[in-house]
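Let us learn to read a multi-chain structure, one feature at a time. Look at it first, then follow the dialogue.

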Protein chains: 4
Amino acid sequence: MMGSSGNTESKVVKGDAGYVLEDVPHLTDYIADLQTYPNPLQMNPAYLVVKQYFVNEDDTVAQKIVVHKNGPRGTHFRRAGPRQKVYFESDEVHACIVTCGGLCPGLNTVIREIVCGLYHMYGVNKILGIDGGYRGFYSKNTVTLTPKVVYDIHKRGGTILGTSRGGHDTSKIVDSIQDHGISQVYVIGGDGTQKGAAVIYEELRRRGLKVAVAGIPKTIDNDIPVIDKSFGFDTAVEEAQRAINAAHVEAESSENGIGVVKLMGRYSGFIAMYATLASRDVDCCLIPESPFYLEGKGGLLKFIEKRLKENGHMVIVVAEGAGQDRVSESLQSMDDQDASGNKLLQDVGLWISHKIKDHFAKHQKTVINLKYIDPTYMIRAIPSNASDNVYCTLLAHSAIHGAMAGYTGFTVGPVNGRHAYIPFHRITETPNKVVISDRMWARLLSSTNQPSFLSSKDIYEAKDEEGPPTQLLDGEYCKDTSQ
Amino acid sequence: MMGSSGNTESKVVKGDAGYVLEDVPHLTDYIADLQTYPNPLQMNPAYLVVKQYFVNEDDTVAQKIVVHKNGPRGTHFRRAGPRQKVYFESDEVHACIVTCGGLCPGLNTVIREIVCGLYHMYGVNKILGIDGGYRGFYSKNTVTLTPKVVYDIHKRGGTILGTSRGGHDTSKIVDSIQDHGISQVYVIGGDGTQKGAAVIYEELRRRGLKVAVAGIPKTIDNDIPVIDKSFGFDTAVEEAQRAINAAHVEAESSENGIGVVKLMGRYSGFIAMYATLASRDVDCCLIPESPFYLEGKGGLLKFIEKRLKENGHMVIVVAEGAGQDRVSESLQSMDDQDASGNKLLQDVGLWISHKIKDHFAKHQKTVINLKYIDPTYMIRAIPSNASDNVYCTLLAHSAIHGAMAGYTGFTVGPVNGRHAYIPFHRITETPNKVVISDRMWARLLSSTNQPSFLSSKDIYEAKDEEGPPTQLLDGEYCKDTSQ
Amino acid sequence: MMGSSGNTESKVVKGDAGYVLEDVPHLTDYIADLQTYPNPLQMNPAYLVVKQYFVNEDDTVAQKIVVHKNGPRGTHFRRAGPRQKVYFESDEVHACIVTCGGLCPGLNTVIREIVCGLYHMYGVNKILGIDGGYRGFYSKNTVTLTPKVVYDIHKRGGTILGTSRGGHDTSKIVDSIQDHGISQVYVIGGDGTQKGAAVIYEELRRRGLKVAVAGIPKTIDNDIPVIDKSFGFDTAVEEAQRAINAAHVEAESSENGIGVVKLMGRYSGFIAMYATLASRDVDCCLIPESPFYLEGKGGLLKFIEKRLKENGHMVIVVAEGAGQDRVSESLQSMDDQDASGNKLLQDVGLWISHKIKDHFAKHQKTVINLKYIDPTYMIRAIPSNASDNVYCTLLAHSAIHGAMAGYTGFTVGPVNGRHAYIPFHRITETPNKVVISDRMWARLLSSTNQPSFLSSKDIYEAKDEEGPPTQLLDGEYCKDTSQ
Amino acid sequence: MMGSSGNTESKVVKGDAGYVLEDVPHLTDYIADLQTYPNPLQMNPAYLVVKQYFVNEDDTVAQKIVVHKNGPRGTHFRRAGPRQKVYFESDEVHACIVTCGGLCPGLNTVIREIVCGLYHMYGVNKILGIDGGYRGFYSKNTVTLTPKVVYDIHKRGGTILGTSRGGHDTSKIVDSIQDHGISQVYVIGGDGTQKGAAVIYEELRRRGLKVAVAGIPKTIDNDIPVIDKSFGFDTAVEEAQRAINAAHVEAESSENGIGVVKLMGRYSGFIAMYATLASRDVDCCLIPESPFYLEGKGGLLKFIEKRLKENGHMVIVVAEGAGQDRVSESLQSMDDQDASGNKLLQDVGLWISHKIKDHFAKHQKTVINLKYIDPTYMIRAIPSNASDNVYCTLLAHSAIHGAMAGYTGFTVGPVNGRHAYIPFHRITETPNKVVISDRMWARLLSSTNQPSFLSSKDIYEAKDEEGPPTQLLDGEYCKDTSQ
């Protein structure tokens, strides 16, 4: 009966003045007569001074924040935080944590804070780590997690639980959850992982099990929609500066020096864009969202020639997913798939380096010195910075409060700065992307002075893509956090 | 008629459902018949692709974001960003930039981006740097600022313009502005500096001069209200980790080792709180907002004894303004004032270290090893990290767009993630403080397990301080960014 | 009968052409008929390829390296390294490790490498850690050390064994050694600690015990004579740059900005000197070896006035032991002693800051902005860098090879790049100091352009202090590693 | 008449007890009646206090330091340092500086210190920078270098002069030297560059020109013989830790995780070896000096299988020149040459990653997760650390003192810690290599527990390669700095 992920019908509530609440599932949606308990935080000395112990059940967070005097209010999400009543007794809770997908700074911090939060805030002490991603539910031993075990893991990169990509068997996972008597499942992972969590939730619901499933969205690329940004992103942009700086030094030190830096970003160029804006040493930034071409007028190669003539050197930042159509066209080898089902993207950094060298070797007399830097794994493996550490703490606590309060099938994250519970399908439908018709991208183009690679026709269409501007007056804005 | 700062009458606009707009002044408020010009951004190739060149004049940013279904809408601010019409021709603009107060990571980035933004976005090329803070307007030579001069200053800490604290003569400053023919004044500084900017704006208004005054709020302590956070704060918290980590290592390596770290925060303990939350190596965090006492039951010294008995070592983080009443009481020397008029705070770190040593020397047989670390200047002097770099860019651009659009007497900053123009008086009235009846502080107490130093009476009052909880249902929340 | 440390008569061997060997004691010096065993390294697959398994018993390391064609050869030390025959069976060895004194980057690496070296090279698996310095021998529980326990401690600062300063009871220590059946004692510590180790060795010898005592000299100040440099020194100089850089930024950003940085160095100014040379942002470097004065012509205050007039800002680096006579003279409070018996030095950094502020407040109209930075504990607590890590490994291995070969009462360290065994008394007699009549100090003076604070008479005496230059032709040079 | 580089006949002086001095050329070797001048350092206030202004003309530095009681004394080099008499008047000196080859941390520091040293010590103010390596002598404009221009370049990576690899025309260079009236040539570069400098020196000598040529050896690989180590090496090893650490985190976080890190080292594996020893997270280190094989018993692939079975993950460090025979054998494409004449080495890191993946895909059921990291340019481009900064200063000063004293055709560097002048041919004859029959390499094998890839025959030969051990008793040791 239930099919693919995201099929759960949405819980939508409407209010005055165009107010819409996209709510998340709750255990009581499918289990009758669940007992509630007073939230143990009330007994916690650290929380004694808190003015309001608990989030008001009516609190919701507005997704639209730039509004007009008399415009509609738009979409809202349920505010995250502790509730007056919880649906689990502390002793009853048996939690598990699983991390999936590529490494991202902050994974260990999230693990640590789920363990410490459950223990210190709710008195929960049965917490399992699933080893090696989803498959670990049925193919590996579990790891017992205690505050002592996780004490200083936030100072290390990676994930102490291990991770894996790719296929898994939902039935076996749910069997394992049932067999272990697990009542709370914390899933840390990206788009595909959250889709998997949605399916696990649906199967648990189908079986009528009192198990809360909470997702913590993880993507170093920052391509999760709705939430303000994903954890580890800040740390990644910071670390990316090192590679850009090295490329800049190498380029400056040789005649016609070209530094090429490949950064993460399969489908969205946030890391490349922010690293470029933060660094200011970049002459050209290529991202998946903005197509580019090499040859001819307005093409990349002409721009390189021009910039070398002017400055004698240049730095190019390219997101790993940029120009995939060009790469595949020129390589014609798009069949391979990596284990997660993502296209096994050809390395655009090596490809573009080859194309540039080739161009100057064949068509130009100019000798160039191209240095290619791929800092991907050096970025993914570092520990999270202070800002991400605090952020990971809040994500973990939000997830815990939600699960204890009986919510399930939800993911957590800040919406305009306030943490909220968001239905899975809202963050897995379409990835967050750099909006190239947004001022932030224009700001980048202005700072690098690179070509836009767009024809007049492109520009016309870009502007029109979400309909005529007049419709925008109702307050429906593309997400432009800049101003 | 103009009096002290903040006296300008507020421009308040009301709308449906409790909507309130706290608007900022505009040159047309006191100058009639000002000519407007098309915004030159329309001609800028980097901005060609932008769907909407300009911020809609009706866009406002909501201060309240956690709302109820049918609750009132509350306060809003004018959205920052470029406008269709500008009130200055590019050639006509003569801008100046001044930095005041203590060092803060990101000062040079803001300077750089005002210069580059004016030049690249609006074609402005007459930009002066004022040397050494407000007094530099009349006591020093100016510095010519060009994109080339500021090219890589964002990689250096400090401010290339120099800075100073303390008194200045508003009349002389405005004379100097008039004499130099300056038409845009960019003021980067803290609370006192923004108050000064408000007075300068009022005097310019009194003289009827077409000069826009834009403030960029700077405070490493993050004690500016309304805006989400101040620039340099992230960088400061990150760097503070080093000191905490060192204190932790020192404490762990000796018997009854106590590491004491003093961090910035005269009136608000944000740096201390966030550094403690990010680090997790801290046993006790003392901030100005939360009074503490040394002696007796529930006091700090008993807690230290207890923690040393349990763990053999401990780390204390103390914000510079914590326990000032205790310090002054015991030192009785509160007459001194530093040049800015702030009380010359006694060094609480040295004071508390002395008190602890004294206690264990006199009343205990325990030999302790106390190490005191004051990383203040090492934190203030570092360059801003990537995240702050991008943030500084947005602040600078917001300020420029506002001034070009004829707004004046305003400061800029993000409100719930969206940049807005805010009247001076709103950010200088009362400092932003850590709310100790807020979940974030409870989270800290929970993570350190330190005493709250509050009596039952305190707790009762803390909870009641903003009136009975029922009033809170209308959506008026204290700022709790956590959840 | 045995008296103070260093009383053991020296083992001196003479050879041709002025060759002198200052040898170290051996267990066979006082125990007859000790059995020897083949070195187990011969069975170690990793060492199979080594051309010469073992150091030739006749290998010695020359202390004099700058020599004349027909000059005398001078002092030599026994070369460190594995010997053909060892005096302990692997099973018989019961080793212990103790760390004493202040923290120094690399302590954990030395501990790790003694444990892993004993285990992997010699098959030793009974290794105890003594908790909290010398006193731990009789007042604390011991810690069992295995390769697993020490696996990644080299990535952490501090010492996992804890440390303490000050007095201890040699008899109790030797009793404890005897009671635990310990046969090898590894002592990591500074001057005082090595003296203590000498006394322990003498007592063990008096009791006729087959226990080898090996010292690993530790002093962040680099004031150990004979050896090339002490571990952690490189790391400390590197880290000191941060503080100097911060002082420089602070000084540059304010009018008449003065940055004062206090660095480690009670009796020798190596850290201050090398940090100054490496940084090049320093205007004046004050060290214990070079007296200075504040007032009058050629004094520090006049120099500051001059430099502020020229540049508008300046950076002063002061070693903690600089100007102690001046400090004590002005404070008259030299009675206090810290636990180790060192004079409790007054904080020269605070003292000099006060004096400078006072001078400009009283005698000058100039307003100065002085910022004082004391990075001491932040430097001491960091992990060792790569270069120190490798160096610590070699020290540990040298000590192990020596103890296994039956040497005792010795310390280890590189002499002109080659590791050697050195009698305790040679490194505890007189501290290593910066030679201010050496080209390295002249190089510093030349780079800072600071006054030498010396009268003509001083200069004359400095040059003459080791006799007339003609005597130097015999090859006896002060240690000038520069050229 | 003059032929290839290194043909200059050696200046060899013999003394007592087997003493040999390998001297460097002097301008007076081929120019008669050169006038001398008193060294201006005598007038320099910073040097007033120096006991001995000048290095004694008879000072020589011993290459052999591990000696026997009555063994021969061996090779010596002329000690570096200032001389009583100089052969250039300050006004007469017209110096030039050129940097060649790949980037290396410290290049800018050497440039800075030559400029500042010439200016401050000898009053020289005519200093040219040659742009872009040797070819810049005749194909580019020169750059005027002053202390102000180079003031803070040591804080930046790269070389402000630019660099290039490969062919150049000696005649044109010497013409240019003659045309510009240059009298001192400072050449910073590696093996090939120093050979080029030798030929330039010979041509200058042939033309009878009073021009001193001083080389400063630069090679990030540390493959220069005779000298203790090359500048930038320490910094490079430090930075390499980052990549190894990232590889370790990535490997640990996935099932059968393999991290492969390629480090610099075309012909010698010092960076790989020291980074491995410093890090201790490496399971296998492959260097050019130690051949390895993939397949079969004792091969790399079997070792990987074994280590994955034991630990579940592993880290491999491979020097870029390791296994070149294997690579070329399997790729059969050895014809390419890069511009400098070095073989364009195939990327062994990519090759070995491919081979490992292939092996496990084809022959094993094990799914592995291999991550390849190439930090080469990120290492080359960083600024030098404090230790290298001081070292670069000494190199620059040694070169200056030598040139001023009339020496030419020499290179500089520390020999057993003392700076010396070394004839070009001694450092270009044979590269410095990791001696795999040395204890340092055994130490590495012992720490990684990797196979030695040697047959019994190899081991026998390795041990015998420099003849039977008995001959070693004469004091002729391979360079083993370890003990």
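Predicted model: local features only at pLDDT ≥ 70, side-chain atom pairs only at ≥ 80, totals over all residues.

Q: How do I read a sheet, and what is the strand order in the open sheet of 4 strands in chain B?
A: Start with the elements: helices (H or I, at least four residues) and strands (E, at least two) are DSSP runs, numbered from the N terminus. Two strands pair if DSSP finds at least two bridges between them. In chain B, the order is β14-β15-β13-β16, and the pairing is parallel.

Q: Which strands of chain B stand at the edges?
A: They are β14 (284–286) and β16 (369–373) of chain B. Each has a single partner strand, so one side of each lacks a neighbour in the sheet.

Q: How much are neighbouring strands of this sheet turned against each other on average?
A: Axes are lines fitted to C-alpha atoms, for helices over the stretch in contact, and angles run from 0 to 180 degrees between N-to-C directions. Here the average turn is 15°, direction ignored.

Q: How many bridges join β13 to β15 in chain B?
A: There are 7, between β13 (residues 257–263) and β15 (residues 313–319) of chain B, and the two strands run parallel. One pair to find on screen is B:Ile258 with its bridge partner B:Met314 in β15(B).

Q: Which helix packs on this sheet, touching β13, β15 and β16 of chain B?
A: Contact comes first: two residues are in contact if their C-beta atoms, placed from the backbone, lie within 7 Å. The helix is α5 (residues 233–253) of chain B, and its direction makes about 165° with that of β13(B).

Q: Is strand β12 of chain B mostly covered or exposed?
A: A residue is buried if 20 or more other C-beta atoms lie within 10 Å of its own, exposed if 12 or fewer, and partly exposed in between; C-beta atoms are placed from the backbone. β12 (residues 212–217) of chain B is mostly covered, with 6 of its 6 residues buried. B:Ala212, B:Ala214 and B:Ile216 point one way from β12(B), while B:Val213, B:Gly215 and B:Pro217 point the other way.

Q: What pairs with β12(B)?
A: Strand β11 (residues 184–189) of chain B pairs with β12(B) in the parallel sense over 6 bridges. There, B:Ile188 has B:Ile216 as its bridge partner. Strand β17 (residues 410–415) of chain B also pairs with β12(B) in the parallel sense, over 2 bridges. In that pairing, B:Phe410 in β17(B) stands opposite B:Ala214.

Q: What unit do β11(B), helix α4 of chain B and β12(B) make?
A: A crossover is right-handed if, with the strands pointing away from the viewer, the path from the first strand over the helix to the second runs clockwise. These elements make a right-handed β-α-β unit, with α4 spanning residues 191–207 of chain B.

Q: What rotation superposes chain C on chain D?
A: Copies are superposed by least squares on the C-alpha atoms of residues with pLDDT of at least 70 in both. A rotation of 180° with 0.0 Å of shift along its axis does it, with RMSD 0.0 Å. The two copies are therefore related as by a two-fold rotation axis. In chain C, the C-alpha nearest the axis belongs to C:Asn416, 2.7 Å from it.

Q: How many residues of chain C are in contact with chain D?
A: 72 residues of chain C are in contact with 72 residues of chain D. Helix α11 (residues 386–404) of chain C gives the largest share of the chain C side, 8 residues. For the next count, Ala, Val, Leu, Ile, Met, Phe, Trp, Tyr, Cys and Pro are nonpolar, Asp, Glu, Lys and Arg charged, and the others, Gly among them, polar. The chain C side that touches chain D divides into 32 nonpolar, 26 polar and 14 charged residues.

Q: Which strands of chains C and D are joined by 2 bridges?
A: They are β4 (residues 60–62) of chain C and β5 (residues 66–67) of chain D, which run antiparallel. C:Val61 stands opposite D:Val66 in β5(D).

Q: Which element gives the most to the side of chain B that touches chain C?
A: In this interface, 25 residues of chain B are in contact with 24 residues of chain C. α5(B) gives the most to the chain B side, with 7 residues.

Notes: Residues numbered from 1 in each chain as written. Chains lettered and ligands numbered in written order.
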